[in-house]
Each structure stands twice: as C-alpha cells, then as structure tokens.
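Visitor: I have a model open and want a quick tour. Where do we begin?

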Protein chains: 4
Amino acid sequence: MDTFSRLESEVRSYCRGWPVLFDKARGSRVYDSSGRGYLDFFAGAGSLNYGHNNPRLKAALLDYLDGDAIVHSLDAHTVAKRDFLSTFEEVVLKPRGLDYKVQFPGPAGTNAVEAALKLARKVSGRETVINFTNSFHGMTLGALAVTGNSVKRGGAGVPLGHAATMPFDNYMDGRTPDFLWLRSLLEDSGSGLDRPAAVIVETVQGEGGVNVASAGWLRGLADLCREYDLLLIVDDIQMGCGRTGPFFSFEEAGIVPDIVTLSKSISGYGLPMALTLFRRDLDVWEPGEHNGTFRGFNPAFLTATAALDTYWRDENLQNETRAKGDLIAERLDAIAAEHAEAGVTTRGRGMARGLVLPGRGEATRVCAEAFERGLLMETSGPEDEVAKLLPPLTTSVAELEEGLEILAESVRAVVRAPQPA
Amino acid sequence: MDTFSRLESEVRSYCRGWPVLFDKARGSRVYDSSGRGYLDFFAGAGSLNYGHNNPRLKAALLDYLDGDAIVHSLDAHTVAKRDFLSTFEEVVLKPRGLDYKVQFPGPAGTNAVEAALKLARKVSGRETVINFTNSFHGMTLGALAVTGNSVKRGGAGVPLGHAATMPFDNYMDGRTPDFLWLRSLLEDSGSGLDRPAAVIVETVQGEGGVNVASAGWLRGLADLCREYDLLLIVDDIQMGCGRTGPFFSFEEAGIVPDIVTLSKSISGYGLPMALTLFRRDLDVWEPGEHNGTFRGFNPAFLTATAALDTYWRDENLQNETRAKGDLIAERLDAIAAEHAEAGVTTRGRGMARGLVLPGRGEATRVCAEAFERGLLMETSGPEDEVAKLLPPLTTSVAELEEGLEILAESVRAVVRAPQPA
Amino acid sequence: MDTFSRLESEVRSYCRGWPVLFDKARGSRVYDSSGRGYLDFFAGAGSLNYGHNNPRLKAALLDYLDGDAIVHSLDAHTVAKRDFLSTFEEVVLKPRGLDYKVQFPGPAGTNAVEAALKLARKVSGRETVINFTNSFHGMTLGALAVTGNSVKRGGAGVPLGHAATMPFDNYMDGRTPDFLWLRSLLEDSGSGLDRPAAVIVETVQGEGGVNVASAGWLRGLADLCREYDLLLIVDDIQMGCGRTGPFFSFEEAGIVPDIVTLSKSISGYGLPMALTLFRRDLDVWEPGEHNGTFRGFNPAFLTATAALDTYWRDENLQNETRAKGDLIAERLDAIAAEHAEAGVTTRGRGMARGLVLPGRGEATRVCAEAFERGLLMETSGPEDEVAKLLPPLTTSVAELEEGLEILAESVRAVVRAPQPA
Amino acid sequence: MDTFSRLESEVRSYCRGWPVLFDKARGSRVYDSSGRGYLDFFAGAGSLNYGHNNPRLKAALLDYLDGDAIVHSLDAHTVAKRDFLSTFEEVVLKPRGLDYKVQFPGPAGTNAVEAALKLARKVSGRETVINFTNSFHGMTLGALAVTGNSVKRGGAGVPLGHAATMPFDNYMDGRTPDFLWLRSLLEDSGSGLDRPAAVIVETVQGEGGVNVASAGWLRGLADLCREYDLLLIVDDIQMGCGRTGPFFSFEEAGIVPDIVTLSKSISGYGLPMALTLFRRDLDVWEPGEHNGTFRGFNPAFLTATAALDTYWRDENLQNETRAKGDLIAERLDAIAAEHAEAGVTTRGRGMARGLVLPGRGEATRVCAEAFERGLLMETSGPEDEVAKLLPPLTTSVAELEEGLEILAESVRAVVRAPQPA
C-alpha cells in the first residue's frame, strides 16, 4: 500500500476513503485483493452503466483485440469507427430525430466540453458562456471556467473568465421565478452581461449534489436560448447513456440541444471515449482545428457499438432503469422519513440519486460506514453533503435492495451516533 | 465511406490524406479492409513506439481482460496501478536518480499538460508560463495557450493568455546568442515580462517541424530556470518513451526537469494514458484538486508495465533506436543531397526525423505519393513543410530500408515533377 | 460649426443634441455665441454643483493664477495641496469621523476608480470585483469592466473580466429579497463565484437611469461586505459633493465605505480633479506604484478648498439641497401624474432626479423640446428612457421653477404628440 | 509638512526627494515657501514645455476666466474648442500634411492611450497590441498592460494581457538585427503570436530611461506595420509638443502614424488635456462609445491655442530646441567623459536627455545633490539609473548652463564620493 503514498501524488482522493487494493470486478461487484466483494453504487462515477466487465462487451472486445484489429488510429477511417458511427446513427440519432454531426474530441469528458465551448464561440463569434451554480464540466482550463466548485477552480492558478454563472433550477428555493435574473440581464443593455455565445447545462448535476432540473425549467431554458440566439449545450457526460432512463437525459424534457457532450459510459466498458455532438449546420470546424492523440481509440468504439446493440435497440433497459430508479427513490424516501428530524432529504432522477445529510460531515461518514459494510458510494455537493448513488443500470433488484439496506444501516450508524468531538 | 462524411465532423483530418478503411495492424504494418498493407512511419503520432498490437503486450492485455480484472477505477488503489507504479519506480525513476511523484492527470497528453501548468502556477503563485515558437502542447485552453500554431489557437474563440513565447533553439538561424532575449527580459524590471511561473519545452518539437533543441541549449535553459527560480517543465509526450533513444528525451542533455509530462507511448499499446511527474517537494496538490474520470484506466497500466518490463530493463532498445536513428538520418541525408538544388534538408534525433521540403505543398505531396506506394507518414511544421518520420522503434532494419526507399521515390516524384498549375 | 464635423471624431455626442456654440456661463445659465441663454439642468454631468464660474471660487482662482502660484506639480508638496488636504480633513473628514487617507489618482473619475480597484485587489490579494447592473464607473479598461452599459463595454475591443455583476436595489422589481443571489453565491463553495476582493457601488446610479439605492439596501450591502470580508467601494463621483444633500451620498444610510471615489464637483469649478479615499490601514501602496502626470493640478486644489470653505462649513447648502430636491420631486410627480396613462414615473434623491418616459425615444425627444425652450438636460438609463435633472445645487428656486415649467411643457409636447412615423 | 504624511497616501513619490513646500513658479524657476528658487529641469515630467506660468498664455487664461467664458462643457461645442480645433488644423496638421481626426479622450495621457488602444482593436477586430521593452503608457488597466515597468504592473492586481512585448531599438545592444524577432513571429504561423491589432511605440522612452529610437528603426517599424497591416500608434505624450524639436517627435523619421496620442504639454500651461489623433478613415467610433467628464476643459483649449499661436506659427522654437539640445548634449558628454571610468554615458534627442550612471543608486544620489544645489531633476529607467533632463523648452541658455554646471558638480559629488556602506 505504501507504493501509493510513496509514489503517487497527494492529489489522489477516492482511494483515501477506500483503503484497500481492488483487483477484480464483475457486474456490480468489485473485489479487493483479499477477495472481499463490494457492491458498487459508484460505477466509475457513472462510467460503468452496464457493470464491470460486462460479458457481452467483453466477448466482443477480446475477439477484437485477439484479431489484431486497429487499436489506435487518431482520426483515420477504421472499420470499428465506421461501425460505431452507423450504429450510433441508427440506434440513437435517427429514432430521436436528431440530425447531429459527431466529433471525437479526445478521450475524456473534459475534451468534449472544451470542443463544445470552442465550437460555440467560433460559431457565434462571442465569448461569454452561461453556466450554472454547482455545475461540473471538467478540469482543463476551458471546462474549469464553467465549473462551480471553488477548490477545483482554485487549482487553475490563473483567473477563469469568459463565463457568467446563473442560478440552477430551484437554486434559491423557489423564492424567485425561473430565469428572472438571466432574462433581466439579457434584456437590459446596461446589465453588464456581454452577449453570450452559449449556455452549458447538466440536466441533473451529479457532482454538484444530484440537483435535478425539472422538465419545465429545461424547456424554459431552451426557449430562452432560442429567443436570445444562444447555443444550448447539454453536458450529458454523467447523465447520458441511460443514467436517468432514456439514452439522453434531456429527452424527457422534449428539448433538442444545439450541442451535446457524451463520455463516461459511452464506451460501455470503462474505456476512455468522448463525443461532442452538434447540429449539422454548426459544423464549421476547419480540418484539424481541434485535434488530439487519443481521438481514435478503436476498442472503445467497438465496445460502444456492442453496448448500443445490446441495450439500446429496444426499450427494455430504459424501462428497467425507470423502475429501478423508482425503487431506489422509494427506499431513500423511507430512509429520509426515518431521519426527518435530522433534516435528511432525497433528490434525483432515474438511477442518479442522492441522500442529503445536512449535518456537517455526515454524508462522508455514511459513505465510510457503507464501505465498512461492503458498499461503495461517493459524496457530492459543494459541502460533500450528499451521499450519491450511481449503481450500474444493470444492477439487479436484489443487489439494489442489498445496497439500500446497507445504506439504511449506515445512515442509522451516523445520524443516531453521537457526533465525534 | 460516406458514413464518415455524413456523420463525422469536418474537423477530421488525417483520414483526408488516407482515403481507405483501416482494419488490422501488426507491428509496423497496417492493413486496409481490402487487405492491402502499409508500412506505418506515423505510429499514431508517436503513440505506438512498440508497434501495433505488440505480441508481448497483447498477451498480457488479453489475459488481464479475460480475468475480469479492474478496467476502470478512477483513482482507487488497484493491483494494476500498484504494479505500474512500482515498476516505473524500479525501471525508470531509480536508475535515473529521479525522485518524482507521479500524477495520473487524465487519459490524454493535454490533461498532463494542464496538470503541469496548474501545479507550476500553484507552487509558484505566479501566472505567466514561458513557451517556445512552434511548440505544441494540446487543445484544451490551458495547453492551447502555450501552443504556437495559429490555426489551433484560432479555434479557442477566446484570447489565450498567461503565456509568453520565446524563440526555440536556432529559431533565428543563429543570428542571436541563445537566450539573449529571454535573459534580457528576465533581468530587466522594465521589460514588461511579469515574473514567470515556469518554462515549458519540448526537446524535439514534433508537431512544430521536428525542430531539435541541442543538448547545450537545453542545459542553458535549465541553468536559466535555476538562476531565475522558474520551474522547468519538459513536455515529453511525443519524444519520451524512447523515441530519441533513452527513455526520457532530456537524458542526453543531462538535465533534470522539475515537471515532466508523458503520454502517447507510455501505455505502449495505444491505450489512452498520461502522466505528470514532478519533484517530490512540488507535490502541493490538495486531494481531488485536479480530478477526472479516466485517470484510472487499468488496462493501460497493465500494458505500460509490460512495456517497461519488456523494453526498459536493459539498454537494447535504446541502443537499437540510436542505431536505427543513424540509419534513417543517413538515408534522409542522401535524399536531401539528391535534391540539394531544391533546398531539401533534414532534421531530427533518434527515430524522430524530418525531411524539410521548402517548396509550397511539396511535403504534403510527398506524403501522398508515399501513401500511394504503401507508406504512412504525416507532415508537420507551421506550413506543413516537413515530411515527418516516426516509425515504431521496433521497426526492423529491413522495414526501415523499405520505407526509406519508398520515401526516396516519393520525393523524386514530387520534387522532379512539374508543379501542378 | 463644420469645424467640429470636419475635425472632431464621430465619438462626440452631447453636442449632437445641442447644435449651438456655447460661449459664456454664469451660475445656472449658459449662453451661446448669439447671446441666447439656457438654463443648465445638466451641470457638466454633475461637475458644476456650485454653478458655472461661481464668483467666490472665481475670485480665488484668478488671484491664484495671477500670483504665479504653482499650477502643475505632479505629487510634489505645494501650498495649495497642503491647504486642500487640511481643509478637507477639517471640513469633511473629521466632522464625519472618517479616518481616510487621500490619494490623488489622476484628474478624472475613471482614474479614481482604477486606483480604487487596484488598491482593493492589492490589499485583498483577490481579483473579482462585484459590481451592479447599470453601474457606470468609467471608460478605462479597469473601470469599464465594472460598468454595465453594453455600448461602452463593446468599445473595449477585448473581453472585460475580473468582475461579477449583481442586481442593484430593486432591479427585479421586488420579486426577490435583497442580496438573495449575492449571498447565495458567497455562501456556496460550488457557486462558481471566486471569492471577491470588493464591491463597487453607486448610491444613486446617475448614468444608469437615476436608480436609487435605499438606505436599507446600502446598509444590507455594507453588512454583507463586513460579513464576507469584502472591501466596500462607494463611487461617489456623481452623487458626492452634496448632490443628494450631505457631502457624501452614503451618509444618509449611515454606512462607512472602505474606499470612496470623488471627482466631478470636487474642484467645484469644473477643473479636472479626482480623489480616492480609503481607510488608513488600507494604505499599502508603494511610493509611485500608481502615478500619472495630472495628479497635482493646483488650481483645482485651490478652488476645491474655496468650495469647502464656502459651502461646507455649515449645513446651509445641505439643507437647501434637500428642500430644493423636494421641490423638484413634487413638480416631477405632478408631471408624472399628468401623464400617468403614458406610464411616466419619477425617481431620485436630493437634486439628482429623473423622469422616466417609457415610450421609445420619448425622453430624448423631451430633452430636445426642452433645449428648444432653453433648458439643457440629458437622458440616462440603458435605453435613454430617463430625462435626468442635475441642476447646480446653487440654482435658485425661481430658476428651478422656470426649468421645471419648461420640462412640463416639453413632456406635454412629446407625450401628447403623435409618434413620428 | 506633516499634513502630507498624515493625510496623503503613501503612494506619493516625487515629494519624497524634494522635501520642501513649493509655492510659486515662473518660467524655469520654482520657489519654495521660504522663497528659495530652484531651476526646474523636470518641467512637470514634460508638461511645462513653455515654462511655468508662461506670461503669454497666462494673460489669455486670466482674460478667459475673468470673462466668464465656458470652463467645463463635456463634448458640447464651445468657442474655445472651435478655436483650438481650427488652430490645431492650421498650425499643426495642415503644414505637416496630416489628415487626422481629433478625439478628446479625457484629461490625462492614459485616457488618450486607452482610446487609442480601444479604437485600434475596434477597427482591426483583433486584440493583441505589440509594445516595447521599457515602454510607459499609463496607469489605467489598458495602458498599464502595454507598460513595461514591473512595479507599476504589479499594482494592477490582475493579470495584464492582450499585449506582446518586443525589443525596443538597440535593446540587445546591436547583437541582433532590428525586428528580427518581431518579423519572425509575424511571418511564422506557428509562432504563437496571435495576429496583432497594432503597435504602440514612443520615439524616445522618457520614463523607460531616455532610450532613443533611431529614425531608421522607426521607419523600419512603420514599414513592418504597413507590410503586416498593423496600426502604428505613436505615443507622443512626453516627446510631442516640441520636446525633441519638431512638434511631433516622429517627424524627423518621416513616418506617419495611424494613431497619435498627445497630452502633457498640449495645453501648454500644465492644465489637464489630452488628444487622440487618428487617420480620418479610422474614425469608426459610435457617438458616445468612449466618453468621460473632463473631455471639455475649455481653459486648456484656450491655453493650447495660445501656445500654438505663440510657438508654432514659425520655426523659431523648433530651431532653438535643437540648438539647446545640442548644447545640453555637449555638456553631458563632457560630464560623461570626465567620469568615463565609472561608465557614465549619455542618451537623448532634442531637449530630452539622460545621463546614465551605472552604479547602483548613483543617479538617485545625483538628483539629491542637484536638489541641494537648487536644481530639480528626476531619475528614470528600470533601475532608476538615468538622471533625466527635461527642462522647459523656453529655458534660456544661461539657465541651461547654470543647471548643467550644478549637474556636473552633483555628479562629481556622487561618483567621486566613497559609496555609503
């Protein structure tokens, strides 16, 4: 273990809450080097929607690699990429009536966000991007400038600009009408808000505390963007790929973003991959104007295609996700009701859920208790006040119930326990 | 083929010069869907130093995946990561006397650069970073601000700041002493150069035109950094992992950077992976201050370990690379001599080599001719005036000779041919 | 007249509404070259609070200049500066219990604002400054970044940053509690608002539309600043020097800003002069760290001293200003009542008053009609929707009534007139 | 005296070297409150080219003020402004074939620079402005970003951007050809220099150390600007109005800038005034896009007109300035020769001259010695290593000789004296 403390930077964080050595994983279970299993309600921060080492995807991947197919191709044409593109068109875009072009902006979500911001600025000739309180879009300078978290922002070492933060849905507890502030600024030529290029939004803010934007709020935002000629970017990196039920998290609101970012579970197997999608007429990129080495990691295209083929050619997964989401919500509500006097509440949509523990440090202690009991969860929110549940979508009902029971016990252990001095 | 033009963004570029569908690859050969093979002197822009689907690495990778070992772990402790760290320490760091901490900053080179810049600014409390003409460090806003290429910079859509560009080695053809300008600015409190945090440099500028910094210039730069208390960042993303001979490209100069970035060939198999290394005392990161989803892609750790075990426990690869580099240089010099009247010259170190064709569009046409003859190469330099050779280090002498003969023919076809109207 | 159109930049603006050649001026009357007189309810945008060529100040000035006293001294010690400083201390600072240091930051208001912002950032080590919707602080880049007007901002030619705009008092018509948004951002570590250095505010926004901050709102702001350790800068350039009654416009609210800017009427005679005042413990400037050529324009010190001696050693002016302000308010209310169906309303405090004419272009036409009738007024507000009254404080009641009668007629001429096609 | 230390900010600087109270001034003499006279070789940092209280200008000014003519008019048409404009056209612009429009950008030089930069960016649609090492353009954020001095820059409290510093003439002691670096960057699309809007330059850098640009270098710069479509801004605030001989300091080089800034001596009497001049076709300002309160300070227009009438309708002043400049140069050369072993050298053009004393603190001590002997001078240069001479142009030969003799004695007192411990 001291290999890590001796050699790895102090920046490491998740490992601090899980002081074991992970070794194997299947489905919703992860095993440490001693063979102990853990239910995984973290799922690689939403990157493993189909579970660890999903057997259908694994078979395809092993076959691909075994056959000496192309692994790395930058942006050259490959069979795996062609197959992904045509499957993505057939299974995702066409049925939803989305006439998007697809950009491979690099392997990580933050690359997809950087490409989206660059394109929005290039198309509009404007610079300011509207973001929202408690948004999280990535760690590279462009994405970080539209991210709310002050610790992350502080890491920049330079001022972060060209962004203007607005209140997310219900940020001020209903005490102001939606978009009152943003609309006032946009309508007032003396407001000091330079005309924005775009708005970037998550439909559910995972890292920000599992804050859910209502369908009505999202539609209002889309209308506002149309009215003021702002490009609407939905960052669906964590909430896309079925996390809330439908493939895209914005489908329920009935809106069509101008630009969409995907990453995390798009490869379906934890392989690094990201996409930036945009309306065909916005494709004003010059060849090579945005490039990068790992834009063509073909094993990810292969597993992405297999995931689409396996899970998105019918509505089964989507329906199951909704049902499982309801189950989780019900159990979380019960936990919250049990601890109503402690102010415990719940949030979420689909299989992205949060238990809000307002006592200082409580959510962190709940996750620690859960770990002791064999359940992996992380906290989120600006004060780490939310215990966040992102189980693989393929988690069985029995596993969900097992995990939720552990969670209930963990909350009891913390909320009823005397506070540490 | 029209899948790509219909669905993929116009930003795609390499594929435009290679209008075939790649399917398989082994060692230094890539095969298209019709079965035609191509010698690959591009190597994923330096990401495939050990060739495509290297059999030693492949065996390890298949075994790993087949055993349901951890694929995706964010920054949790895993067996694969531990093994990588301890092997990296044993094989790379210790023998070179480098007491570096290791950060996993995200899967791509640009993530490693962003982390390096953030850390340098955080450590120093200063903002300006010195970069060099024709540098290339990445596409995200922080890395792009220290990148020279005007087309890439133009894609930012916002002004790029907090950087100051200085002349790379021999930029002004020897007409000024090294560092005259930079030293003047640093010494002069009226120079307008705010005291910099750091210098970021490539020892050989691959994308910038295969511009080689001499060992003397690099030592002068390191001395200057020490004298003025600037952190020295070597971006070894393309030139590290043995491209110029030794594991790190800066070893020949005998300098020890404060911060080093690695990516491309570090996984050895084309799997996305990047590292930011830095002096132990610079490790001032707060836990989680820089994070990201794909920092823990364990198959890459596995192949990286296998690559270190296979190629870096002795000096064979390093010595072969030097010898092959000399061979390439010799043949390129012969080509240049054959076309001396056209001003053709050569550049490079180790197995990073360039043939400079000063006629407008010549290098691009040479690469097109080479492709027709079954050789993959790319151009580099601000005007695409350099035909760049980055063959896998494992390319056999026979393959090198085959490729260089194709190149010689291609140059003849272009330089002697009448210019297109 | 075509001298101006031939030689002066198109940037000129007031002259377009007043197409005559002004020549002489006394008290509240300005005369054109034909001898026609105009009542001046504009007063050099608030720079002539004691009227044109005020005889008491004029006598002192002529005597000073005639005696070959020092005119220009940069920041050397002069008799005139000493006298100003000691008089300012005795008449202004001491009676109000203000322990401020005085900086001479340059001759214009924007210089005073730049110095205030620089000092606030230097003291705090932070960069972001909170400003308010429809604020106006100046045209130089630092001041412009905290100014709301989009036309002015657009003139910058570069992005304006390091500022965050918040709603001014009653900006959203009472639909949100005061400071709900700002407080939310300050309290939430995920809000995206980097911790600010300071808040800059006008108590009445003259250029922004004669928007009045209530005493309660100002106290709330001062409390918030104290609570969150933000420096409070009151820009009293237009509203200070008695415009609202007391010497400083913030006195009525009972707050004590950390930094105050003064200009416009501080010299009392229209001579360029500006001050930046700040709490003694904030005086961390290095000698010469902020300099400038016209910081020591001694005739302005002389008239400033004379103005303090003449008008601020007792409470007469202050009391008269309140009474005259009430008179103006009463008459404006009557005009508004007469045109209630057209939505005409009033705003203001002391002798800074506005008549809001919501019909497009109405306020501009009212000012044009007033000019025809011999009254000088300007518009303000983001859409030029406010006819603004800033008569000299020394304007007699008879002159006020004369001007207000002209205004009443002018409004009738516009609001009842058919709209131009 | 303790009025100043008690009440005035620590930012005051000149007064620290001259611990007396100035009271009166005539021509080239300033008198303290005890009646002691000082020869003034500082001239308000070049603002008093025609001496203190110049009698011709004084008479006009007293007459103007006595007659209740307009003092403050913002940008309304006034008789004094008309007269200034037509005289400026007749006496300055027409004879030199300059078809400039005139902007009144505010009362100080830094306002003129801000307007110049804003206009250049607006016209070109680009952001970067090239400036030079040891340039000095002002203290407001836009002007400060193109100023070299690190102490001044440090006062900004925010990063200063949108500028790129290049070496001034002879900056690297002739070791590189002129413009080698700038031209390389402009020609190289990989240089990292975003295409600039403009170049801003002083022909002689007064604050930067009396660094003189040769006519050839200035012509080369003008050619480069034309070749690369960059606007050429000459900041003639200190060197214009005859300081080097001709009205504009760039006349000798035979170049025609696109934009020129003037201030300091333009009013001729130490009254705050500034101008931004530009080619007629660059006048793309919207009305009011750049404004400010003290753009219409009419007494300054009046004295400016009187100064043009008095001194610029023939070539006498210009010729005398050249002759006096030669005299000063001769005497300074003699001083330098006397102290050749101490490395003393001279610089300058016309009546802007500098004596370079390389020993640490020597120039400051020389100025202190000169003050003791009744001569006012300031230091300049990044290390205050230059004793700068800017006597009024109207200084008599006898006064010049008197002052130069004092200077010679002061240098002897310092350079021959033992260094303080």
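Guide: With a term. Contact means heavy atoms within 4.5 Å. By that rule, 104 residues of chain A are in contact with 104 residues of chain B.

Visitor: Before going on, what sort of model is this, and how are things numbered?
Guide: This is a predicted model: local features need pLDDT of at least 70, side-chain atom pairs count only at pLDDT 80 or more, and totals for chains, interfaces and linings use all residues. Residues are numbered from 1 along each chain as its sequence is written, chains are lettered from A and ligands numbered from 1 in the order in which they are written, and side-chain values use heavy atoms, with hydrogens and water left out.

Visitor: Back to A and B. How much area do chain A and chain B bury between them?
Guide: About 9300 Å², with 61% of it on carbon and sulfur atoms. Buried area is the accessible area (1.4 Å probe) that two parts lose on being put together, summed over both.

Visitor: Which three residues of chain A supply more of that than any other three?
Guide: L7(A), D68(A) and H77(A), with 9% of the area that chain A buries against chain B.

Visitor: How many salt bridges cross from chain A to chain B?
Guide: The rule finds 10 salt bridges there. It asks for a side-chain nitrogen of Lys or Arg within 4 Å of a carboxyl oxygen of Asp or Glu. K58(A) and D68(B) form a salt bridge, at 2.7 Å from N to O.

Visitor: And polar contacts?
Guide: 53 residue pairs across the interface of chain A and chain B, both residues at pLDDT 80 or more. A polar contact is a pair of N or O atoms within 3.5 Å; within protein, one must be able to donate a hydrogen and the other to accept it, and residues adjacent in sequence count only if both atoms are side-chain atoms.

Visitor: Which helix gives the most to the side of chain A that touches chain B?
Guide: Helix α5 (residues 79-93) of chain A, with seven residues. Helices (H or I, at least four residues) and strands (E, at least two) are DSSP runs, numbered from the N terminus.

Visitor: New topic. What are the domains of chain A?
Guide: Domain 1 is 2-55 + 315-415, and domain 2 is 59-311. The bounds come from an automatic or database domain assignment. Their C-alpha centres lie 25 Å apart.

Visitor: How much do domain 1 and domain 2 of chain A bury between them?
Guide: About 2600 Å², 48% of it on carbon and sulfur atoms. S47(A), Y50(A) and R349(A) supply 28% of the area that domain 1 buries against domain 2, more than any other three residues.

Visitor: What salt bridge count do they have?
Guide: One between the two domains. K388(A) forms a salt bridge with E207(A), the closest N and O atoms being 3.0 Å apart.

Visitor: Now R295(A). Buried or exposed?
Guide: R295(A) is buried, at a relative accessible area of 5%. Buried means under 20% relative accessible area, exposed over 50%, partly exposed in between (1.4 Å probe, protein chains only). R295(A) lies in the loop between β12 (275-279) and α11 (298-311) of chain A.

Visitor: What does its side chain reach at 2.5 Å?
Guide: The backbone oxygen of G292(A). Beyond its neighbours within four places in sequence, R295(A) has contacts including D75(A), F104(A) and Y14(B).

Visitor: Last one. Why is α9 of chain A largely enclosed?
Guide: Because six of the eight residues of helix α9 (residues 180-187) are buried. Among them are W181(A) and S184(A). The buried residues of α9(A) pack against β5 (129-132), β6 (163-166) and α10 (215-227) of chain A, together with β6 (163-166) and α9 (180-187) of chain C.
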